[in-house]
Amino acid sequence: MKNLKALAIAAMLGLGQVATAQQAELSYYLPKEVQYNKQIPTPKDILGYNVGEWHVSHDQLAMYMRQMASLSDRISIVEYGRTHENRPLYLLTVTSPENHKNIETIKAEHKKLTNPTESGKLNIKDMPAVVWMGYSVHGNEPSGSNASLLAVYHLAAAQGPEIEKLLKETVILIDPSINPDGLNRFASWVNSHRSKNLITDSNSAEFDEAWPRGRTNHYWFDLNRDWLPLQHPESRGRLAKFHEWKPNVLTDHHEMGTNSTFFFQPGIPSRNHPLSPENGFKLTQKIGTYHAKALDKIGSFYYTEESFDDFYYGKGSTYPDVHGAVGILFEQASSRGHAQESTNGVLSFPFTIRNQFTTTLSTLEAAQAMREELLTHQRDFYKSSYNDSKKAPVKAYVFGSEKDKAKAYHLAEIIKQHQIDIYRPKESFKIDNITYTPENAYIVPTEQPQYKLIEGMFEKRTKFQDSLFYDISAWTFPLAFDLDHASLSGKNFKSNQLGQKVENVTFPKDEIVGGKSNYAYVFEWHGYFAPRALNMLMERGIQTRVATDKFGSDNGKQFDYGSILIPVTGQPVSGDELHAILQEIATQNAVQVHAMTTGLSSQGIKLGSPMVTTLQQPKILMLIGDGVNSNDVGEAWHLLDERFNMKPTLVSTTRFNRVDIGKYNVIVMADGSYNSISKDKMRSWVQQGGTVVGMGDAVRWLADNGIGNITIKKSESEAAPQKAYADMSNETGAQVIGGAIFETKLDLTHPLAYGYTDDQMPIFRSNTLFLERSKSPYANPVMYTANPLMAGYISKPNLQQIKGSAAVDVSALGAGKVIAMPDNPNFRAFWYGTNKLFLNSIFFGQIISGSSARAEDAHN
């Protein structure tokens, strides 16, 4: 009876019956009034099944797109990148054959809209609008990519004056799968668990995909948060094409909970970023009327302006807003398989695809009808932005680092990819006691067309119209990279301070200073890639030591805490081979290596001092699997594997109790729940000398199980006055720290702070887990300051909690160490500034001094 009732409701709501998932013919999806060219093959002709009958795998999708491009003179295709798993990323250009013949001219003319000095000369009346269709950035939200099959077929095969006019007046860019690795992972799961007779019971394995699920890319990153950081090949390739075209409209097709309906933007008005133009919101509203009309026609329920937001510029539907375009988020209730019971009846996969295809067509209809309006908006946006830049009090931003050129390089690299002009200083200058030189600094003038985006990347906003955020509330890039930086006003900046314009950002190279040594070599730990350099030496079996105090060379060079010493004697390679290896390492890692001629240092400790400690190569076990936050552990895995060429062994929480963990000396526990692993086994391993690094809720598990001496702050609660139930979600949501930046103070003498030169460090926080200060004066090398908020939103109660609390806690357990970090030091791969904190835990947790450990043990 329940299933019959569900089917009846489904029919009333237009959700499509179960049979639809197996037998959805093209007529279910396509407009009834359109005729199609029978010479153009349908998706079934190429794939062998109806759209929605199976979940398309990426190789099938790619094959279909290549085939259609070869058959239709309306379509061309380019590969714009490869994923981490080497899958191709494609962009299709769909327009009239006549436009294709002049496509480079059309593209060049369109881009002039973003140049305020040229855009006024353009004849917008004759210019096509550019529409970008982006599908399924989250791989387990597949209705988008499956709808792209229909979109391409329709645009290739539809006949008549309406489609001819559309193709003449628009250039349509189709990205059929933004996340091929995730899409393929998900399609494999649901197809392999599909029954011939579709099972709609939500308890079915079909709807319970295995960890880490298909949402993310290979390293378990959410690519919809990577438009601004650009840490992955999918994003870098896509953004290059975005800026090659500068579209007027960009659609971003997603899915949400099974019991939902359909959402299209605009989102909640109070949650737009203040730098985004108000007219963009109005245009999104107007386009929304086309979606409403189209969904009404097929009987689909929907809503708008009640959810989601347009605040964080790193999302696909928000990034266009600061480029004079209209970004549109679509959220379709997800069947998560082929057909699933929901509160609205049985939700079939074809129904979800039809809604995405329908709003694809309504977007194109709106873009064509509003073509001149959209083109004018883009031209006016860049004119207005450029005029604002001329009146702005901040004339430029400068950033750099005297001792870490690689980190500054990586920020400059990101900025250039966003089509922002950057320069080297013409000559050295000093601001706030920091000297910026042509060799170590970059200047970003604000007087340029990308002014709004520049402000969006550099601002330190702490006041907001709303207290709820769908994503993070701050992402200030110089803080994320922990670089020296300053805002330059008219008083301290003149355009003649700009030196050479940076056309191509090149990775800094370094060398051995002092020639070949027969005694020892040293490099400091300041460079971002110093850990990679050390790991390269360890991989070759070369003995390395770390200085736990300062010392000087015979030529007067001063070496800081954490400098790495490499003796020449006793190595598995000859002196000549060692010199060649170190030269290679210096070049590849931007690390300056110094040749030492004597152990009798000019000042400080001597090279044979007990304060110079032999290092062991980290043998890392990283816990993954059920209960673990896949984003956070993926970020740690990506950092070690992709960026530092280290080799963590990934072990699932379900296998941990059966694995011999004695072969590892470091265990990394990202944010998550670890109730399935043996606390006794973990405790015994630490006691025998292991280092465990816990982050986020892993810290709570360690504290609850007495592994380390960690005390979590308790929230101060008072009896609350009666409040309106309708306000509950906003009230509770305001207590969430969605993502903000806070100031901490470092003990620069502590091994976990080696390589840092400033005792003030910005930390990103996105949770409400606060640690009490330890009773040991040595156990908290990183502390939140008394006034910590640097950028972003935090409620007043949470601000009181965070003040003066511990950002890192280090305690001893037997011969081992427990390093607790409530925050994620590897956030989204662009938080370069705190990566070293994590890496120091891995390399130097083993050498935290015995006296410090005993002091920490004293309060266990």
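Which strands does helix α5 lie across, and at what angle does this helix run to β2? The close-ups below take up this question and several others. Everything shown comes from a predicted model, in which local features need pLDDT of at least 70 and side-chain atom pairs count only at pLDDT 80 or more, while totals for chains, interfaces and linings use all residues. Residues are numbered from 1 along each chain as its sequence is written, and side-chain values use heavy atoms, with hydrogens and water left out.

**View 1. Helix α5 lies across β2 and β3.** Here is the reply to the opening question: α5, residues 58–71, lies across β2 and β3 (88–94) and runs at about 145° to β2. Contact here means heavy atoms within 4.5 Å. Axes are lines fitted to C-alpha atoms, for helices over the stretch in contact, and angles run from 0 to 180 degrees between N-to-C directions. Helices (H or I, at least four residues) and strands (E, at least two) are DSSP runs, numbered from the N terminus.

**View 2. Seven strands form an open sheet.** Follow the order β2-β3-β6-β4-β7-β9-β8, with mixed pairing; two strands pair if DSSP finds at least two bridges between them. At the edges are β2 (75–82) and β8 (262–264), each pairing on one side only. From one strand to the next, the twist averages 20°. Within this sheet, β7 (residues 249–256) and β9 (residues 326–333) run parallel and are joined by eight bridges.

**View 3. The largest pocket holds about 840 Å³ of space.** A pocket is an open set of points on a 1 Å grid over the protein atoms alone, where a 1.4 Å probe fits, with protein on both sides within 12 Å along at least five of seven lines; lining residues have an atom within 4 Å of a point. Grid points are joined across faces, edges and corners, and the volume is the space filled by probe spheres set on them. Of the 30 lining residues, P31, E33, K297, L361 and E365 lie nearest the centre. Two or more lining residues come from each of α3 (26–29), β5 (158–159), α9 (161–169), α12 (278–298) and α13 (349–369). The largest share, seven residues, belongs to α13.

**View 4. W227 and Y319 form a tilted aromatic pair.** Their rings are 5.6 Å apart centre to centre, with 40° between the planes. Rings of Phe, Tyr and Trp (its six-membered ring) pair if their centres lie within 6.5 Å; planes under 30 degrees apart count as stacked, over 60 as edge-to-face and the rest as tilted. W227 sits in the loop between α10 (180–192) and α11 (233–245) and Y319 in the loop between α12 and β9, so the pair ties together parts that are 92 residues apart in sequence.

**View 5. Six strands form an open sheet with mixed pairing.** The order is β19-β25-β20-β24-β21-β26. Since β19 (512–513) and β26 (612–614) stand at the edges with a single partner strand each, one side of each is left without a neighbour in the sheet. Four bridges join the antiparallel strands β20 (residues 520–523) and β24 (residues 564–567), and F523 stands opposite I564 in β24.
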